Amino acid sequence: MTASRTTNQALFDRARDVIPGGVNSPVRAFNSVGGTPYFVARGEGARVWDVEGNEYLDLVQSYGAIIGGHAHPKVIEAIRAAAGDGTSYGAPTEREVLLAEEIRRRVPSCQKVRMVSSGTEATMTALRLARGATGRNRVVKFAGNYHGHGDALLAESGSAVAHLDPAHSPGGVPGSAGVPAAAVTDTVIAPYNDVPELDDTVACVIVEPVAANMGLVQPADGFLAGLRAECDRVGALLIFDEVITGFRLGWGGAQEAFAIRPDLSCFGKVIGGGLNVGAFGGRADLMDHLAPLGPVYQAGTLSGNPLATAAGLAALDLCDHDAYRSLIGQAGRLAAGFQAALHGAGIPAVVATAGPLIGIHLGATAPRTYADARTTDEARYAALFHALLQRGVALAPGAYEVMFPGLAHDDAVIDRIIETAHEAAAAIGSP
Ligand SMILES: *Cc1c(COP(=O)(O)O)cnc(C)c1O
């Protein structure tokens, strides 16, 4: 690999001059861990190289958008072949049908599917559809769950309410400047892992069936089934945000793993093979409320894009049952290695897995809620992050992100990361 002549610092300086914070998605700026982000020049399999030629064993994997490893030859070939035929037409194409059929084959609750261009668009539109189909306005989300950056779902996680009695439920508080209070007055926030009591004003409950944006928090026994039952009781729709868990937890995502059938599901990340894709799907009678059949509007110039559908189909093609089995095995080994490394260094930590997802909680007990998750030792995570990065292992630069080992993380890569984890933990451990 030939390094370009620039440095991470020089690029970051230039970037900050022309891009707010120097990045196009905030977590990449390293604000929560400090230091200068590395600028990636290229990636291959489990590795990325920065513009200075430093090599990292990469557990970020585009925050889960990559499952087969960077620049997987089959994915790249599919993109190249598609690009040769043109990059966007504004007319339907065969691969959109193939990808929708493939999603339905793996996730039967998705009787119909619509492609969009990001996970944010998927959740935003699923919400609109739920409101349009039920004629109700209120939405319930859970503290610590992330559903992209649409206004209605960017409500502050602190204002948790256990149930929807309006007297106790003043509505969400905007989680961002620029979101008017009116945009979240119908957003109610409940603590994760408690089934809220709903009423007939609720259009939908949206949930990460395995929470992977507050570290990794497993659904408690009965939580998802309880949501299903409570939604049915009041006629509200249950939306699974499977943008991370879809096609990663296993063949049929979290809804297969936990045997719960949501009304609507949202996807992104894996199904784009590293290109810009989101999708949502669900019961046909609900999906048929979408334009052009029904009155709920949604559209997109690049929706179902030919390159993105080619990449997504190629990525899903890598993900057969054997692939998930081996992926989950590797992740289990990696998690045990991290746990042993941290434990050996006297660092209180719970390293959890869900399928192939891994989360590190730097505290003594496994979190069940966002409040629990936030007790993680963020300063120590920053130290661990830098100790690993210096030694050539890249975690995400934030204590609430999970690790995304993929199909390219073979035995040798996993062994090397575990070895590095031991060195890094020893370097930052309690004296
Ligand atoms: C990443 C993510 C989103 C948003 O997807 P984008 O493609 O970044 O817009 C939504 N929900 C969950 C659970 C996610 O992890």
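1. The crossing of α10 and α13 is right-handed. Handedness here means that the near helix is turned from the far one, anticlockwise by less than a right angle for left-handed and clockwise for right-handed. In this predicted model, α10 covers residues 321-344 and α13 covers residues 411-428. They pack at about 15 degrees, with axes 8 Å apart. Axes are lines fitted to C-alpha atoms, for helices over the stretch in contact; angles run from 0 to 180 degrees between N-to-C directions. That makes α10 roughly parallel to α13 (under 35 degrees; over 145 is roughly antiparallel, 65 to 115 roughly perpendicular, the rest oblique).

2. The α10 side of this contact consists of Q330, R333, L334, G337, F338, A340, A341 and L342. From α13 come D411, I414, D415, I417, I418, A421, H422 and A425. Contact means heavy atoms within 4.5 Å. The residues split into 10 nonpolar, 3 polar and 3 charged. Ala, Val, Leu, Ile, Met, Phe, Trp, Tyr, Cys and Pro count as nonpolar, Asp, Glu, Lys and Arg as charged, and the others, Gly among them, as polar.

3. Next, α3 and α9. Helix α3 (residues 94-106) packs on helix α9 (residues 306-318) at about 35 degrees, with axes 9 Å apart. The crossing of α3 and α9 is left-handed. R95, E96, L98, L99, E102 and R106 of α3 meet P306, T309, A310, G312, L313 and L316 of α9. This contact holds 6 nonpolar, 2 polar and 4 charged residues.

4. On the sheet: 4 strands form an open, mixed sheet in the order β1-β2-β3-β13. Strands pair if DSSP finds at least two bridges between them. β1 (40-44) and β13 (393-394) are at the edges with a single partner strand each, so one side of each lacks a neighbour in the sheet. α13 packs on this sheet and touches β2, β3 (55-58) and β13. The direction of α13 makes about 105 degrees with that of β3.

5. β1 and β2 (residues 47-50) run antiparallel, joined by 4 bridges. V40 stands opposite D50 in β2. Helices (H or I, at least four residues) and strands (E, at least two) are DSSP runs, numbered from the N terminus.

6. Confidence: the protein averages a pLDDT of 93 (the predictor's confidence in each residue, from 0 to 100). 94% of the residues score at least 70. Residues 156-171 stay under 50, and the model has 41 contacts beyond four places in sequence for them. Where pLDDT is low, the predicted coordinates should not be read in detail.

7. Conventions. Local features need pLDDT of at least 70 and side-chain atom pairs 80 or more, while totals for chains, interfaces and linings use all residues. Residues are numbered from 1 along each chain as its sequence is written, and side-chain values use heavy atoms, with hydrogens and water left out.
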